[in-house]
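Visitor: Could you show me how to read the way helices and strands pack in a model such as this one?

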Number of protein chains: 2
Amino acid sequence: MMARPDENSRAQVLALCGGIGGAKLALGLYRTLAPGHLTVAVNTGDDFTHLGLHVSPDIDTVAYTLAGLNDTERGWGLAGESWHFMEALGRLGGETWFQLGDHDLATHVLRTQRLAAGETLSQVTAALAARLGLHGRLLPMSDDPVRTLVDTDEGRLAFQNYFVAQRCRPRVTAISFAGAKEAKVQEDVLALLADGTLAAIVICPSNPYLSVDPMLAIPGLRAALKASPAPVIAVSPIVAGKAVKGPTAKIMEELGLPVSSRAVAEHYGDLLDGFILDDSDAVETARLGVPTVATRTLMETLEDRERLARSVLNFASGLRRHG
Amino acid sequence: MMARPDENSRAQVLALCGGIGGAKLALGLYRTLAPGHLTVAVNTGDDFTHLGLHVSPDIDTVAYTLAGLNDTERGWGLAGESWHFMEALGRLGGETWFQLGDHDLATHVLRTQRLAAGETLSQVTAALAARLGLHGRLLPMSDDPVRTLVDTDEGRLAFQNYFVAQRCRPRVTAISFAGAKEAKVQEDVLALLADGTLAAIVICPSNPYLSVDPMLAIPGLRAALKASPAPVIAVSPIVAGKAVKGPTAKIMEELGLPVSSRAVAEHYGDLLDGFILDDSDAVETARLGVPTVATRTLMETLEDRERLARSVLNFASGLRRHG
């Protein structure tokens, strides 16, 4: 069936997104949808205060990626970044385990300054997006602090300690989200979910346990996703029994789960109206119990990102018609 | 009379210092005195919070200068500095009127972090000095906030607003030091002033009104300087009726003072046991009423700095013998 790009590109779409992997699809959606039609709600469970600065790694990754400023070779941070601050910090005995580029640092300093002046993270994020020239909306999942904690065989670790300092080496036994139960879902996210014009909700191929679960842990989001008239479609981050990037597969193994797209679909459960997995895993579709598209999900090129985005939008369009 | 460098270089010396001009003599003293024999008490009236960071311009100028890291061509900041953070900040709409280099930024971020963690400015400054490998002591004039305010024909301006943003353009009518009356002199400064082994107190050729007066405005310092057994020697920042650098001459004119070393000596008044002015202004010595050395005070080369430092130390040695 041919896509009808004109129709789909004018749909209002909400993407739930973590960092690097999810941002690839967010970019595809951003480039495929007409300007102003994409809203990305971003995980802030990875946020932390470092050197006195409020760092929001996933918000910045998505913002830089949509703006075309991200470093695609290194895989994170800004292209053309320099590291003079880190060198000087190291000489002065400061903490250097978390790399902050000279350009990136401006984002953290401004964010910290504006938060200290009483702005919400939503306001700060909107200002960042506007300055980067983004025409989509970039929203934190919440303006309240939620912090991902990883229980491991070496004790409980703050997320960045586990992820960056320890390089995901410790064995994960459980994951929790401090503050989630007291947090409120960002209000524009809830408003969009209740909006009848919303055409699709896309759970990007981010780590389900580390990047999407922090969002789902906030009271009311899961119910609002289910209540929304728009279909919820998740894209699996697993390809041929492996994670494309990051610790997803390792964590699934450590949590006693099969490393499969089916396990991801089951994790999201009745939230899903549709599921997209890699065509190499198409054998799994029969037993999923949810409409599933099997297509190439590996996003190596910009064309890959846009093509997958069109698949998502077409899939959603079909689910709406038959919903 | 020949100097006896061995004796003088082993003297304990306290220098009161502002920024760039004063730091030149501080460097001369630092290189002339035996390791560990120089204590520099630095003006913090210029300190301010910028972009949420605690910036201590004079402390950093003195620290960088003594460590040989300062940019002698630009005249301020670190040699080999880069400006990527500022470029990124500008693109994000942040304030760019106060230049913060990428390397310099590490100092401000660490200072802010440590102050927020409860350390005193003295502790933070000592850690910075140690990291830079300095063998002398670097002390803020106080651990309490003192903020220089400049009353001008355009209203009251915070110091950095007057000095950097307005480039000293507005006409000065008065200068005051918010918080000075409630501040306490840094305790090691007071201890050193009461120490019988102190051989000299040097008021460096900093701006008397902007850089030295903030120190003298703190209750007890002036009395402690007078009570100290060590002679107090000021070096004039005026050479041939002009300020070597900065707004000293402009401010003196605006305050209705003659732009002369004599006016500087009279400003310090009975605090002085000795005064050093440029030999081009030697004509003024007769009417000063205080022992005065007329010598070359312009410090263009490193040798100039060391030679002037030796003059100061020899002068102090003579004043002690005849005191």
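Guide: Begin with a pair of helices: α4(A) passes α5(B) in a right-handed crossing, where right-handed means that the near helix is turned clockwise from the far one by less than a right angle, and left-handed that it is turned anticlockwise. Helices (H or I, at least four residues) and strands (E, at least two) are DSSP runs, numbered from the N terminus. This is a predicted model, in which local features need pLDDT of at least 70, side-chain atom pairs count only at pLDDT 80 or more, and totals for chains, interfaces and linings use all residues. Residues are numbered from 1 along each chain as its sequence is written, chains are lettered from A and ligands numbered from 1 in the order in which they are written, and side-chain values use heavy atoms, with hydrogens and water left out.

Visitor: At what angle do the axes of α4 of chain A and α5 of chain B cross?

Guide: Two packed helices are described by the angle and the distance between their axes. Here the axes of α4(A), residues 84-91, and α5(B), residues 102-116, cross at roughly 50 degrees and come within 7 Å; axes are lines fitted to C-alpha atoms, for helices over the stretch in contact, with angles from 0 to 180 degrees between N-to-C directions.

Visitor: Which strands form the open sheet in chain A?

Guide: Strands of a sheet pair through backbone hydrogen bonds, either parallel or antiparallel. In chain A the order is β7-β6-β8, with antiparallel pairing, and two strands pair if DSSP finds at least two bridges between them. Strand β6(A), residues 147-152, is joined to β7(A) by four bridges, and A:Val150 has A:Leu157 of β7(A) as its bridge partner.
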